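Hi,

Here is the structure I said I'd pass on.

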Amino acid sequence: LEFSVGYQTSGTPDLQWESAPTPGGPWVSIPEATGATYDPPLGITDNTYFRVVVTSTLFGTPCTATTNVVVIEVNYIDQPIIGTGHVVCEGGDPNELVVLSGTEAFGDVSFQWQSATNESGPWFNILGATASSYDPPPGLFNDTWYRLIVTSNAEDVECFQISEPVLVDVNSIGPGLLTSPQTICAGEIPDSFEVQFESVDGVIGYAWFVSNAVTGPFAPVGSNQDTYAPPGGLSEDTFYQVEISSTLNGVLCSEWTNVMEVMVNNFTPPIGQGVQNVCAGDDPMPLELLEMPTSDGVLSYQWFISSDQVVWTIIDGANAATYDPPSGVLQDAWYLVDIQSELNGVVCSLPSVVFEVNVDSIDAGNLSADAEICFGGDPSSLFFIDNPTAEGSLSYQWQSAPSLSGPWVDIPGATAL
């Protein structure tokens, strides 16, 4: 501060600078401020008024006069305060950022919002964000910090205050992965499933869902753990998915894991022929299934033979869907075909089918002894000493021949025992 027009006195001049909070005082002498200029100290926070008391002493008589009053006006502005507690889900739309206080100032007020990815910056002006509030656009995927610069312009003197940074916290979720797909046989219980590598910002939650189609719809199964064990066997392809949730400061967000498939190797059972009756020494017909099995996997066959249905012996090379037993069978035999289906390296056994080849054994019995008669005589009746036996119903046909080697000819009407 200095005089714009110099002072004049008749005597010896003395100067004393004074200050006051208002134009009307109270005025207080400023220590050591007795020069023609005065440099006010740093840190003035309120409007302050200044004047100079000029004293002229002539022949021992002091006379005083006071200069006009000048003011140093403080371009005062409060630090703005922004509401906190902003949490959104990934890709969500944050609430509007509102200034709670600190928008009043001495001069003309202007605003500039800034953003940063860290609390310490670097800070960047947000284009067009020059109002007292700011509504961040939707689609936020990363934590973002915001602050407000409030500027007061008074007589070309700009002063500003910066708010404390506020965080818009994105409640991020890494849903992780479900364990690898499984393949099981129809009716089996799959191994337990587990969510792996999941991560959340808040308190984690799990909800398991199931569907019979990869595209859904999915229904909840009632499990809220990171693992799930199906309670029973499965009969069809089944798909599982988990909703991973994160609760942060009361805001619930969720993401879905991948869909995991349990592939069930289904099949339709085969139907066999049952019993085939043959005569001793005959050639049985090929053994074949009346209805062939179907399966999701690749079918394979292996035939076995048994004489008592207890001990089964593998038939080498008999691995087709049909089997032709060799000719000349002399005793009953049972044949079993073991059918397997392989899908994704998992082998499932289908119900086995048992065939019986029943050999109808006949004991022809023994006739009465040879007889001799006179030429043209009447032979005695021929009869069985040991009657014939067989597994089936017997029928008879007597034959005759001129010699033991034949030829043998049916005797008409000779069909009794």
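β6 and β8 (residues 97–101) run antiparallel and pair over two bridges; strands here are DSSP E runs of at least two residues, numbered from the N terminus, and two strands pair if DSSP finds at least two bridges between them. Across that pairing, Ile81 sits opposite Ser101 of β8. The open sheet they belong to has three strands, ordered β6-β8-β11 with antiparallel pairing. β6 and β11 (133–134) are at the edges with a single partner strand each, so one side of each has no neighbour in the sheet.

Before you go further: this is a predicted model, where local features need pLDDT of at least 70 and side-chain atom pairs count only at pLDDT 80 or more, while totals for chains, interfaces and linings use all residues. Numbering starts from 1 along each chain as its sequence is written, and side-chain values use heavy atoms, with hydrogens and water left out.

On charges, there is one salt bridge, meaning a side-chain nitrogen of Lys or Arg within 4 Å of a carboxyl oxygen of Asp or Glu. Arg51 and Glu18 make it, at 2.8 Å from N to O. Arg51 is in β3 (residues 48–58) and Glu18 in β1 (residues 12–20), so the contact ties together parts 33 residues apart in sequence. Glu18 is buried at 11% relative accessibility (buried is under 20% relative accessible area, exposed over 50%, partly exposed in between; 1.4 Å probe, protein chains only).

Also, Glu73 is partly exposed, at 43% relative accessible area, and lies in the loop between β5 (70–72) and β6 (81–82).

Cheers

Methods: Helix = DSSP H or I, 4+ residues; strand = E, 2+ residues; numbered from the N terminus.
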